[in-house]
Amino acid sequence: MAYENIQVAREGSIAILTVNRPKSLNALNGKTLREMTQAVRELADQSRALILTGAGDKAFVAGADIAEMAPMTPWSAREFSELGHVLTALLEDIPCATIAAVNGYALGGGLELAVACDMIFASENARLGLPEVTLGVTPGFGGTQRLVRLVGKLRAKEIIFTGEMVDAQTACRIGLVNEVVPQAQLLAHCKKVAAKIAERGPLAIARAKRLVERGYDMPLRAANRQEAETFALLFDTQDRAEGMKAFLEKRPARFVGK
Ligand code: CAA
């Protein structure tokens, strides 16, 4: 499938999706959101890990496209917001791991995309923020909800209400990114983490992801029951038999996803 605003690359079982509108700092217009959604759906089935990044060395994604939003009516803004919600929910729902390689500005919709990923690695020059209030609107792709869950209410409100950016080191300190790496090594670092995940049992990764995502909004006892059921169900899989056999035979496991 040929895309206009994104690039998709496959390296074995790892996929790399690059938002490719560097002239507007990879801002997300409707077409880009639709292309990303389609690509993520396609890649999810064929990949063990998906890396999201932005073209160029300045921005991951500098937010939703302000030029496209400026003439929107409340109804078209609602539809636009839904596009972002579909994509961010999809990133949480797909069975493969998602890694945001934040290689510069991750603002507004860009940060909202990153916080919907399973992990975030940032380059030293990264700046993260939700500047929507400077434009007279709220975050629209889940930022008010996911940011709070990641960094807590006090820090999330400071970031949302001031519209100020935080630098990469601060983001790391408050738990908004996993790790900060030099820009030249960012993609290689993300690929290394992705490759590690790709070696593991894919059913186990998919189920662990679902348990974390679904369990987050559930009471602890109910979520733990779900964990026990999932743990038990995986005992019926070839991968579980292979994983334990390989350990006992002191060799690497060969997982097949069954
Ligand atoms: N939408 C559209 N175009 C954008 C953009 C955006 N979010 N961010 C940057 N651009 C464009 C600029 O208009 C500029 O285009 P021209 O060259 O045609 O003038 C180009 O990208 C380069 O940007 P700057 O010249 O502004 O670069 P800079 O280095 O001086 O500043 C910046 C970088 C601080 C990131 C600045 O571009 C900026 O503040 N961008 C907007 C950030 C923002 O407000 N994002 C939130 C959008 S709202 C949102 O995302 C809503 C939601 O939740 C759904």
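Predicted model: local features only at pLDDT ≥ 70, side-chain atom pairs only at ≥ 80, totals over all residues.
Visitor: Why is Lys209 called buried?
Guide: Lys209 lies in helix α9. Its relative accessible area is 8%. The limit for buried is under 20%, so Lys209 is buried.

Visitor: What polar partners does the side chain of Lys209 have?
Guide: One is a backbone atom: the oxygen of Leu91 lies 2.7 Å from a polar atom of the Lys209 side chain. The other is a side chain, that of Asp118, joined to Lys209 by a polar contact of 3.0 Å. Leaving aside neighbours within four places in sequence, Lys209 also has contacts that include Glu92, Ile94, Pro95 and Cys96.

Visitor: Why does Arg146 count as buried?
Guide: Arg146 is found in helix α5 (residues 143-151). Its relative accessibility is 15%. That is under 20%, so the label is buried.

Visitor: What makes the pairing of Arg146 with Glu92 a polar contact?
Guide: Their side chains approach to 2.6 Å. The cut-off is 3.5 Å, so the pair falls within it.

Visitor: How far apart are Arg146 and Ala116 in sequence and in space?
Guide: They are 30 residues apart in sequence and 7.2 Å apart in space, C-alpha to C-alpha. Ala116 is also one of the contacts of Arg146, among them Thr88, Ala89, Val115 and Phe141.

Visitor: How do you know where the buried residues of α5 point?
Guide: Start with the list: Gly143, Arg146, Leu147 and Val151 are buried. They cover an arc of only 110° around the axis, which puts them on the same side of α5. An α-helix has 3.6 residues a turn, so residues three or four places apart point the same way. What covers the buried residues of α5 includes α3 (74-93), α4 and α6 (153-162).

Visitor: How do you know that the buried residues of α11 line one face?
Guide: In α11 (residues 238-248), Asp239, Glu242 and Ala246 are buried. Seen down the axis, they fall within an arc of 60°, so they line one face of the helix. That buried side packs against α9 (202-215).

Visitor: What does the face turned away from the buried side of α11 carry?
Guide: It carries the exposed residues Phe247 and Leu248.

Visitor: What stands out about the phi of Lys250?
Guide: Lys250 has a positive phi of about 55° although it is not a glycine. It lies in the segment after α11.

Visitor: Why is Lys250 called exposed?
Guide: Its relative accessibility is 77%.

Visitor: Why is Leu25 called partly exposed?
Guide: Its relative accessible area is 25%. Buried needs under 20% and exposed needs over 50%, so Leu25 falls in between. Leu25 is found in the loop between β2 (14-19) and α1 (30-46). It too is not a glycine, and its phi is positive, about 55°.

Visitor: Why does His189 count as buried?
Guide: His189 is found in helix α8 (residues 186-199). Its relative accessibility is 19%. The limit is under 20%, so His189 is buried. Beyond neighbours within four places in sequence, His189 is in contact with Phe121, Glu179 and Val181.

Conventions: Residues numbered from 1 in each chain as written. Heavy atoms only, no water. Buried < 20%, exposed > 50% of the residue type's maximum accessible area, 1.4 Å probe, protein only. Helix = DSSP H or I, 4+ residues; strand = E, 2+ residues; numbered from the N terminus. Arc of directions from axis to C-beta. Contact = heavy atoms within 4.5 Å. Polar contact = N/O pair within 3.5 Å; in protein donor to acceptor, adjacent residues only side chain to side chain.
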